[in-house]
Amino acid sequence: MRGMATRVRTMPALFLAPGLVAGAIWYASLVHPADAYPVSATALGTAGLAFIVPFAAATAAWEGSRLRRGGFWHGPWVRPHAEILADRLWPAVVVSIVAVLAGVEASVLESGGGLPDGRPIGVAALDIVAFAAAGAATGLLLPFAIAGPLAIVVPLFWLAFVPAMDPVWLRHITGMFRDCCAATEDLSIRPIVASSLVDLGILAATAFAISNVTEIRRGIAMGASLVVAGSVATALVAGMSYAPTSNRSLADLTCARASAATICVWPEHQADLIPMVRVLPTVLARWSDAGIPAPDLFTEAESSAAPAGSATLVLSGGGALGDDGIIEALSSSLLPTYPNCLNGGSTGWQVAEYLQAWYEAAAGMPDASLAARHERPFDPSYPPVMDVVQKLSRATLDSRLAWTTRVTGITQACGDWAVDQLQVR
Amino acid sequence: MGLWWRSRRGGLVVASIALSGLLLVTPLAPIQAMPSPAGASVALACLIGLITPAAVAAGCARSDPWLESAGTRPTRAYDYLLLMGAVSGVAGLSLLEQSAGLAAIGQVCSRAGLAYAGMLLIGRSFGAWRSAAVLPATYLTLVAVAGRGDDVLHPAWWAWIASDAGELSSWLLTTFCLALGTLLYWRRSPPLTSAGAA
């Protein structure tokens, strides 16, 4: 215990640990993970790496510089160098990993619970080990006056500035996964492997840097480790978007049959499934009466992964939707996807609200709820949404079908369209 | 003077000024990063501004405070002038590059370098040259992680190195930081321990 007390007194990693852990928890309270999706919450929880890794590297550099200044590193010791270094480094590594875990737990708790995902935590831990080792090597090789600021600034550059650079996929080799994941997405294996490879490359380069081989061989080996690891890693993630994600496995969906249709939701929205199964048959019957065609599958799966002809649900609220919320989600799932317009962007999405309001009204949403949701149109020059809905309610079936076809067509517009096409004829 | 210059690795300090000037004209220098939802948007030029103060600190950390305190030469004043001269050199070079259209944010780098010099002097007053550069490096990390003010465009008052270069208050705070550092450097006796050595 006496040895431990001395360590706490003399090692910055240990006596600064409470501040770091408190900082990690504070930082996690700033990010707001959606629903109770543990993968997303865990990835957001590890975003504190931007200051935790510099801490690990700087405190490790301090320990390395103590070995250097005391002349211990090159002493005739029986213990191998790796063991001596590990003995000095474990506090920096353990404290930093504890800080990451504290941030992750805070994020997961805020998101609504569940077990943290091991993959982002594993990569974060490898990041910490790699930069702590690199920091220690810097402290062993350079005076602390240079090693200290270097050990703080280089990880900060790696975890804050590289993710801000083009191409956007470059961020996926850093281990910073804060852009993961929407409910329909999972953490892709490619960024995990790429980041781990780079960390292993840093570890190998560090081992060569403090080895006893000649300077030329050392330089070549260090360069080769970093270049090979970096090249393979960038090849793995090249072409990805800014998010380190892939489609979530459809096997995660929980499905239930409701009348003529099936509803599939992600586990974190399972609380909404029973009320949806109760409401959907009524909604389907009313839509059928109003001439609104409905699919036989409503699913939360990403539209590109879902079976053709299915409606894409977007749920949030974790079981607190209520009947009106369910009708809103079901109506929204019937809306078409918007085109990817090359020049000027899509303009048709501005009328989607009219379609949604009509689907909601036809499904039986009370007027008060409708009015609250569609108080004013996107543009004041457009007709009031409720006026259009009321006219549709009184219109003939043919007139409704013609309006729905016309307005659905407008949603695909990339340019100008006539406002009078919104009127019910 | 020649021995002092060699002991402070004056050549390395000059090289650090040249390196800062070189990095500032690369297209990477204006990149802004905001790693935290509570952080200020920090330009890479703010990192570049740390190179020269750190090099001066590394040079001065090679001193022997015991020996130099007994010497007749004003090495303390030399060290101060070396720091001021070096950061002024970076400031001048970066402003020159900006006015010549070579560097986009030379002013940001100059302001950061001057602020770091002040912090370096503050750090030196409470500890050793060896660990003095940790203070500006930690400050930079704190700005990036927790320096946001009212919105993305406006950092908190204490994160002034992330402000727009035209903001007068940021230059006033930089001057204040430098003045405080100078005052503490001259008013507080440096700790005469072996910790002063590299």
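Biologist: Which residues line the largest cavity?

Modeller: This is a predicted model in which local features need pLDDT of at least 70 and side-chain atom pairs count only at pLDDT 80 or more, while totals for chains, interfaces and linings use all residues; side-chain values use heavy atoms, with hydrogens and water left out. Residues are numbered from 1 along each chain as its sequence is written, and chains are lettered from A and ligands numbered from 1 in the order in which they are written. A cavity is a set of points, on a 1 Å grid over the protein atoms alone, where a 1.4 Å probe fits but cannot get out, and lining residues have an atom within 4 Å of a point. For the largest cavity these residues are Ala24(A), Gly45(A), Thr46(A), Gly48(A), Leu49(A), Ile52(A), Val100(A) and Gly103(A).

Biologist: Which elements give two or more residues to that lining?

Modeller: Helices here are DSSP runs of H or I with at least four residues, strands are E runs of at least two, and both are numbered from the N terminus. In chain A, the elements that contribute two or more residues to the lining of the largest cavity are helix H5 (49-69) and helix H6 (81-111).

Biologist: What volume does the largest cavity have?

Modeller: The count is one cavity of 30 Å³ or more. A volume is the space filled by probe spheres set on the grid points, which are joined across faces, edges and corners. For the largest cavity this comes to about 30 Å³.

Biologist: How many disulfides are found over all chains?

Modeller: A disulfide is taken as a pair of cysteine sulfur atoms within 2.5 Å. One of them is formed by Cys180(A) and Cys181(A), with sulfur atoms 1.7 Å apart, and another joins Cys255(A) to Cys264(A) at 2.0 Å from S to S. The search of the whole structure gives two.

Biologist: Is the disulfide of Cys180(A) and Cys181(A) left-handed or right-handed?

Modeller: Buried means under 20% relative accessible area, exposed over 50% and partly exposed in between, with a 1.4 Å probe and protein chains only. Cys180(A) is buried at 3%, and Cys181(A) is buried at 8%. The torsion about their S-S bond is about -70 degrees, so the disulfide is left-handed.

Biologist: What torsion does the S-S bond of Cys255(A) and Cys264(A) have?

Modeller: Cys255(A) is partly exposed at 44% relative accessibility, whereas Cys264(A) is buried at 5%. Their disulfide is right-handed because the torsion about the S-S bond is about 110 degrees.

Biologist: Which cysteine has the sulfur closest to that of Cys177(B)?

Modeller: Cys177(B) is buried, with 6% relative accessibility. Its sulfur is too far for a bond, lying 13 Å from the closest cysteine sulfur, which belongs to Cys46(B).

Biologist: How many residues apart in sequence are the parts that Arg7(A) and Asp87(A) tie together?

Modeller: A salt bridge needs a side-chain nitrogen of Lys or Arg within 4 Å of a carboxyl oxygen of Asp or Glu. Arg7(A) and Asp87(A) meet this at 2.8 Å, N to O. Arg7(A) is buried at 18%, while Asp87(A) is partly exposed at 22%. Arg7(A) lies in helix H1 (residues 2-10) and Asp87(A) in helix H6 of chain A, so the separation in sequence is 80 residues.

Biologist: Where in chain A does Arg248(A) lie, the residue linked to Glu268(A)?

Modeller: Glu268(A) and Arg248(A) form a salt bridge, with their closest N and O atoms 2.8 Å apart. Glu268(A) is buried at 12%, and Arg248(A) is buried at 6%. Glu268(A) sits in the loop between strand S4 (261-265) and helix H11 (273-290), whereas Arg248(A) sits 20 residues apart from it, in the loop between strand S2 (245-247) and strand S3 (254-258).

Biologist: Which residues form one aromatic cluster?

Modeller: Rings of Phe, Tyr and Trp (its six-membered ring) pair if their centres lie within 6.5 Å; planes under 30 degrees apart count as stacked, over 60 as edge-to-face and the rest as tilted. There are 14 aromatic pairs over all chains, including the tilted pair of Phe72(A) and Trp77(A), at 6.3 Å centre to centre and 40 degrees between the planes. One cluster is made by Tyr80(B), Trp129(B), Tyr185(B) and Trp186(B).

Technical notes:
On a 1 Å grid over the protein atoms alone, a cavity is a set of points where a 1.4 Å probe fits but cannot get out, and a pocket is an open set with protein on both sides within 12 Å along at least five of seven lines; lining residues have an atom within 4 Å of a point.
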